[in-house]
Amino acid sequence: MSGTTTRASSAQLMVDLIISLDGYASAEGWPGWWGLEGPEYLAWLEEEGAKRYTILMGANTYRLMSGMAADAEADGSAFSREEGASLTGLAAVPKIIFSATLPAPLAWPNSEFVTGDAVEAVREMKRTGTGTLSTLGSLSLSRSLLTAGLVDRFRVVVFPVITGRTGRERIYDGYPDVALEMVESRTFDGRLQLLEYVPTVLTGPPARGPGEQRTG
């Protein structure tokens, strides 16, 4: 198989996405988490939040998430208790925002502003840092980091809905071909499927012999 993988580094990078079965990040008119979050999934989100990943995001995701977090803190918020806790908890999480257009300083607590090339900046963070870097939304950023071969883990939680008519933000458009080696799977609440992979970006289709796949 022809491809490139990330080299060993001190810091690990994870692309972390939630998707509908047909590969959309959201759907018009549907509630957050497509209305399918359950106690097991929410408990897992809380556990993940306690791991203190450094969150990477682009300008559009920053505007969206910081605005939603502010709304969640307001009296009479329309968010559910679980959604509100997830959003307000992001204030304490270290965040790195990649943008050439956002005005500085950033108002959301614990947000660091990076104006240069995101791929090169993350490459340096991986080389010199420790711990785990994780994307939040930011589909174009995630795509660029994966294409550059910087992603160590590719994790998705698949929600059992097809939003062919109302789906928004197609996740995989523009992706390279990628081989995925599964390293973890789990089912939440009998319906949500977590899938975690080690990705390898391919330079072409995998070579195949009769009945088998050749690697190298």
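Student: With which residue does Glu48 form a salt bridge, and how far apart are the closest N and O atoms?

Tutor: The model is predicted, so local features need pLDDT of at least 70 and side-chain atom pairs count only at pLDDT 80 or more, while totals for chains, interfaces and linings use all residues. Residues are numbered from 1 along each chain as its sequence is written, and side-chain values use heavy atoms, with hydrogens and water left out.

Glu48 forms a salt bridge (a side-chain nitrogen of Lys or Arg within 4 Å of a carboxyl oxygen of Asp or Glu) with Lys51, and the closest N and O atoms are 2.7 Å apart. In terms of relative accessible area, buried means under 20%, exposed over 50%, and partly exposed in between, with a 1.4 Å probe and protein chains only. Glu48 counts as buried at 9% relative accessibility, whereas Lys51 is partly exposed at 48%.

Glu48 also forms a salt bridge with Arg155, where the closest N and O atoms are 3.0 Å apart. Through salt bridges that share partners, Asp16, Glu48, Lys51 and Arg155 are joined into one network.

By the rule above, the count comes to 9 salt bridges. One of them is formed by Glu28 and Arg168, with the closest N and O atoms 2.3 Å apart. Glu28 is placed in the loop between β3 (24-27) and α1 (39-49), and Arg168 in strand β9 (residues 167-170), so this pair ties together parts that are 140 residues apart in sequence. Arg168 is partly exposed, its relative accessible area being 36%.

Arg63 is located in helix α2 (residues 59-73) and is partly exposed, with a relative accessible area of 40%. Apart from its neighbours within four places in sequence, Arg63 is in contact (heavy atoms within 4.5 Å) with Thr101 and Leu102. The C-alpha atoms of Arg63 and Leu102 are separated by 8.9 Å, and the two residues are 39 residues apart along the chain.

Terms used. Helices (H or I, at least four residues) and strands (E, at least two) are DSSP runs, numbered from the N terminus.
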